[in-house]
Amino acid sequence: RVDADSKRVFLSSIFDWFDEDFESRGGVLKFIQPYVAPKDKQVLKNPSLRVFYMEYNWRVNGSPL
């Protein structure tokens, strides 16, 4: 989720856990650009953008937690 007004982007914790895997692709924010709404692409390029990682929902993938 991108919040342009507060210059924040909210991502899955998976992006935090595997951050190093995205370095070869220019980082997480560059990696997700093709998947965000056109109006949000420019927001992701803002150097003052703050990234927040959401709590992972283990039940999404059928975990019995």
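This is a predicted model: local features need pLDDT of at least 70, side-chain atom pairs count only at pLDDT 80 or more; totals for chains, interfaces and linings use all residues.

Visitor: Which residue does W58 form an aromatic pair with?
Guide: Y56. The pair is edge-to-face, with 4.7 Å centre to centre and 75 degrees between the planes.

Visitor: And Y56 itself, buried or exposed?
Guide: Buried, because its relative accessible area is 18% and the cut-off is under 20%.

Visitor: What does S13 touch, beyond its close sequence neighbours?
Guide: Leaving aside neighbours within four places, S13 is in contact with Y53, M54, E55 and Y56. So Y56 turns up again there.

Visitor: Where does S13 lie?
Guide: In helix α1. S13 is buried, with a relative accessible area of 9%.

Visitor: Back to rings. How many aromatic pairs are there?
Guide: Eight in the structure. One of them is F10 with F52: the ring centres are 5.5 Å apart and the planes are at 25 degrees, so the pair is stacked.

Visitor: Which parts of the chain does that pair link?
Guide: Distant ones. F10 is in strand β2, residues 8-12, and F52 is in strand β3, residues 50-54. The two are 42 residues apart.

Visitor: How do F10 and F52 come out, buried or partly exposed?
Guide: One of each. F10 is buried at 15% relative accessible area. F52 counts as partly exposed at 28%.

Visitor: What lies over the face of F10?
Guide: R1 does, at 4.1 Å from the ring centre.

Visitor: Now the sheet. What is the strand order?
Guide: β1-β2-β3, in an open sheet of three strands with mixed pairing. The edge strands are β1, residues 2-3, and β3, each pairing on one side only.

Visitor: How do β1 and β2 run, parallel or antiparallel?
Guide: Antiparallel, joined by two bridges. V2 has V9 in β2 as its bridge partner.

Visitor: Which residues make up the largest nonpolar core?
Guide: There are eleven: V2, V9, L11, F15, F22, V28, I32, V36, V43, L44 and L49. The bridge partners V2 and V9 are both in that list.

Visitor: Which elements supply at least two residues of this core?
Guide: β2 and α2 each do.

Visitor: F22 is in that list. Where is F22 found?
Guide: In the loop between α1, residues 13-17, and α2, residues 28-32. F22 counts as buried, at 11% relative accessibility.

Visitor: What does F22 touch?
Guide: F15, G27, V28 and F31, not counting residues up to four places away in sequence.

Visitor: And which residues does V28 touch?
Guide: With that exclusion of residues up to four places away, V28 touches L11, F15, D19 and F22. L11, F15 and F22 are also core members.

Visitor: How far is F22 from I32 in space?
Guide: 9.9 Å, C-alpha to C-alpha. In sequence they are ten residues apart.

Conventions. Residues are numbered from 1 along each chain as its sequence is written. Side-chain values use heavy atoms; hydrogens and water are left out. Helices (H or I, at least four residues) and strands (E, at least two) are DSSP runs, numbered from the N terminus. Buried means under 20% relative accessible area, exposed over 50%, partly exposed in between (1.4 Å probe, protein chains only). Contact means heavy atoms within 4.5 Å. Rings of Phe, Tyr and Trp (its six-membered ring) pair if their centres lie within 6.5 Å; planes under 30 degrees apart count as stacked, over 60 as edge-to-face and the rest as tilted. A charge sits over a ring if NZ of Lys or CZ of Arg is within 6 Å of the ring centre and within 35 degrees of the ring normal. A nonpolar core is a set of buried Ala, Val, Leu, Ile, Met, Phe, Trp, Tyr and Cys residues joined through side-chain atoms within 4.5 Å. Two strands pair if DSSP finds at least two bridges between them.
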